[in-house]
Amino acid sequence: MLTFNEVKNNPQVLNFINQADQAMTALQYTNHGLRHANVVAERARQIAASLNLPKQDVELSQISAFCHDIGNFMTRTYHHYFAALIFHQIFQDKGTPEEVSIIMQAIANHDKHEMEFTTPVSAILVLADKSDVHRSRVAETDMEKIKTNIHDRVNYATNESRLKIDKIKKRITLILKIDTNFCPIMEYFEIFTERMVFCRLAAEFLGYKFGLVINKVRLL
């Protein structure tokens, strides 16, 4: 079985993640490097474990989460497709065909408008990825530049970001704490509404409802 430890220590994967982060920084995006990869992988593990999925699905969820952005150094527009193909190139002889194809599909599916879910791994990746908004994602250090970039502003204003899974009420809730003195909550919805729709679709595939709580106020 292909393992998360094997993938996260692969030198090619680590190089591609670092190259991707450099490319995204040049485009003035938030962190898409090891910080983001590790956060999304850990969230994917927590979701899969909370849903009592088999050990293999937990591993595949972590792997797809860790590798989902490795195509960004080639192109942002089609990074999800390139990431899936790069993953296949590296691991086609190291995992079973089923494992590799599940991970490839999850990676390719995580950032496209015709999003369709066929496995829990794919849905978990979307939830783990699209919920990662936090001050620690901001790569820019110049405060004036942060204030003029809406993505940086929203992320910098977010002091807390976590997912809560309620198996009794069948609800997956994204809980955020946003400093409204730095950024109005409306700006969050300006850039993240589509991602919240993706999260709702992913949660529904898993048999859950998706919720959103900002500053202790339930909005979804």
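# Close-up views of helix packing, core and loops

**View A. Helix α4 passes helix α6 in a right-handed crossing.** A crossing is called right-handed if the near helix is turned clockwise from the far one by less than a right angle, and left-handed if anticlockwise. What you're looking at is a predicted model, in which local features need pLDDT of at least 70 and side-chain atom pairs count only at pLDDT 80 or more, while totals for chains, interfaces and linings use all residues. Residues are numbered from 1 along each chain as its sequence is written, and side-chain values use heavy atoms, with hydrogens and water left out. Helices (H or I, at least four residues) and strands (E, at least two) are DSSP runs, numbered from the N terminus. Here, α4 covers residues 55–67 and α6 covers residues 97–109; their axes come within 9 Å and cross at roughly 45°. That makes α4 oblique to α6. Axes are lines fitted to C-alpha atoms, for helices over the stretch in contact, and angles run from 0 to 180 degrees between N-to-C directions. Angles under 35 degrees count as roughly parallel, over 145 as roughly antiparallel, 65 to 115 as roughly perpendicular, and the rest as oblique. On the α4 side you'll find Gln56, Leu60, Ile63, Ser64 and Cys67, and they meet Glu99, Ile102, Ile103, Ala106 and Ile107 of α6. Sorted by class, this contact of α4 with α6 has 7 nonpolar, 2 polar and 1 charged residues. (Ala, Val, Leu, Ile, Met, Phe, Trp, Tyr, Cys and Pro count as nonpolar, Asp, Glu, Lys and Arg as charged, and the others, Gly among them, as polar.)

**View B. Helix α2 packs against helix α5.** The axes of α2 (residues 11–26) and α5 (residues 79–91) are 10 Å apart, at an angle of about 160°. That makes α2 roughly antiparallel to α5. The crossing of α2 past α5 is right-handed. Gln12, Val13 and Phe16 of α2 make the contact with Ile86, Ile90 and Phe91 of α5, contact meaning heavy atoms within 4.5 Å. That contact splits into 5 nonpolar residues, 1 polar and no charged. Look also for Asn10, in the loop between α1 (4–8) and α2. Not counting residues up to four places away in sequence, Asn10 touches Ile90 and Phe91. Asn10 is buried, at 10% relative accessible area. (Buried means under 20% relative accessible area, exposed over 50%, and partly exposed in between, with a 1.4 Å probe and protein chains only.)

**View C. His80 is a buried residue of helix α5.** Setting aside neighbours within four places in sequence, His80 is in contact with Ile107, Ala108, His110, Asp111 and Lys112. His80 and Gln105 are 25 residues apart along the chain, and their C-alpha atoms are separated by 9.6 Å.

**View D. Tyr188 sits in the largest nonpolar core.** Such a core is a set of buried Ala, Val, Leu, Ile, Met, Phe, Trp, Tyr and Cys residues joined through side-chain atoms within 4.5 Å. Helix α10 (residues 185–205) gives the most to the core, with 8 residues. Beyond its neighbours within four places in sequence, the contacts of Tyr188 include Val133, Leu174, Met196 and Ile214.

**View E. Helix α9 meets helix α10.** Here α9 (residues 150–157) packs against α10 at an angle of about 95°, with the axes 9 Å apart. That makes α9 roughly perpendicular to α10. Among the residues making the contact are His151, Arg153 and Val154 of α9, plus Glu187, Tyr188 and Arg195 of α10. By class, this contact of α9 with α10 has 5 nonpolar, 2 polar and 4 charged residues.

**View F. Helix α7 is largely enclosed by the rest of the structure.** Of its 11 residues (120–130), 10 are buried. Asp129 and Lys130 are among the buried residues of α7, as are Val121 and Leu125.

**View G. Ile175 and Asn215 are 8.0 Å apart, C-alpha to C-alpha.** In sequence, the two are 40 residues apart. Ile175 lies in strand β2 (residues 171–178) and is buried, with a relative accessible area of 16%. Asn215 lies in the loop between β3 (209–214) and β4 (217–218) and is partly exposed, at 28%. Asn215 isn't a glycine, yet has a positive phi of about 55°. Lys216, placed in the loop between β3 and β4, has a phi near 70° and is exposed, with a relative accessible area of 84%.
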